[in-house]
Amino acid sequence: RISSLEPREKRELVASLLRKRAGEKVSLHPLSEGQRSLWFHYQLSPESAAYNITFAARVLSHLDRQALHRGFQALVDRHPSLRTTFTTQGEEPLQAIHEYQPVHFEVVDASLRNWDELKEDLSQAAQQPFQLEIGPLMRIKLFTRGTDEPILLLTVHHLIGDFWSLVIMMEEL
């Protein structure tokens with residue numbers, strides 16, 4: 001029952017419902033010429049990860065996972081490109097910018113993995129293809145290793161970002 005929830009839980013519930021409702025709002029826009037080219041390549045090979053851009057880093061200080069998750073969600077909330085998926089109307093490809101989209105933030109327990117296995121896990125995660133029609137087109141995976149430093153893997157599809165936008169995004173974060 002809602003009446004039995006703590007005030008914080010009520011705020012979180014209301015915020016979640018508002019985000020869900022806002023997430024249903026989508027604005028459609030034409031693709032740039034560069035995006036059209038990438039869209040065409042995606043249509044030819046949707047299982048390809050050729051246009052994935054990745055950034056991996058070991059975190060050498062204390063990490064508040066929830067704060068990191070909130071920080072990435074704030075980036076997604078602030079930048080429409082990070083809330084974009086792609087669709088078609090007839091034969092015309094379009095950008096679908098969502099009012100809200102939850103960030104894909106996954107914590108992976110890698111404590112039982114040796115370094116070679118962990119490198120393989122990172123490589124496989126970086127090569128996982130995106131579904132441009134469904135999204136999200138940015139994934140964050142945090143590989144934890146017990147007391148060792150966690151490894152952050154950020155992957156975006158080139159349709160919504162490039163190397164320079166990743167640099168700016170990491171500076172903002």
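1. Arg58 is partly exposed in this predicted model, with a relative accessible area of 44%. The side chain of Arg58 meets that of Glu149 in a salt bridge, at 2.6 Å from N to O. Arg58 belongs to strand β2 (residues 52-58) and Glu149 to strand β7 (residues 148-157), so this pair ties together parts that are 91 residues apart in sequence. Glu149 also counts as partly exposed, at 27% relative accessibility.

2. A second pair joins a strand to a helix: Glu92 forms a salt bridge with Arg36, and their closest N and O atoms are 2.8 Å apart. Because Glu92 lies in strand β4 (residues 92-98) and Arg36 in helix α2 (residues 33-44), the pair ties together parts that are 56 residues apart in sequence. Glu92 is partly exposed at 34% relative accessibility, and Arg36 is likewise partly exposed, at 28%.

3. Arg113 and Asp121 form a further salt bridge through their side chains, with an N to O distance of 2.9 Å.

4. As to the whole structure, a search finds five salt bridges. Among them are the pairs Arg58 with Glu149, Glu92 with Arg36, and Arg113 with Asp121. In general, side chains of opposite charge can pair when their charged atoms come close.

Key
Residues numbered from 1 in each chain as written. Predicted model: local features only at pLDDT ≥ 70, side-chain atom pairs only at ≥ 80, totals over all residues. Heavy atoms only, no water. Salt bridge = Lys/Arg side-chain N within 4 Å of Asp/Glu carboxyl O. Helix = DSSP H or I, 4+ residues; strand = E, 2+ residues; numbered from the N terminus. Buried < 20%, exposed > 50% of the residue type's maximum accessible area, 1.4 Å probe, protein only.
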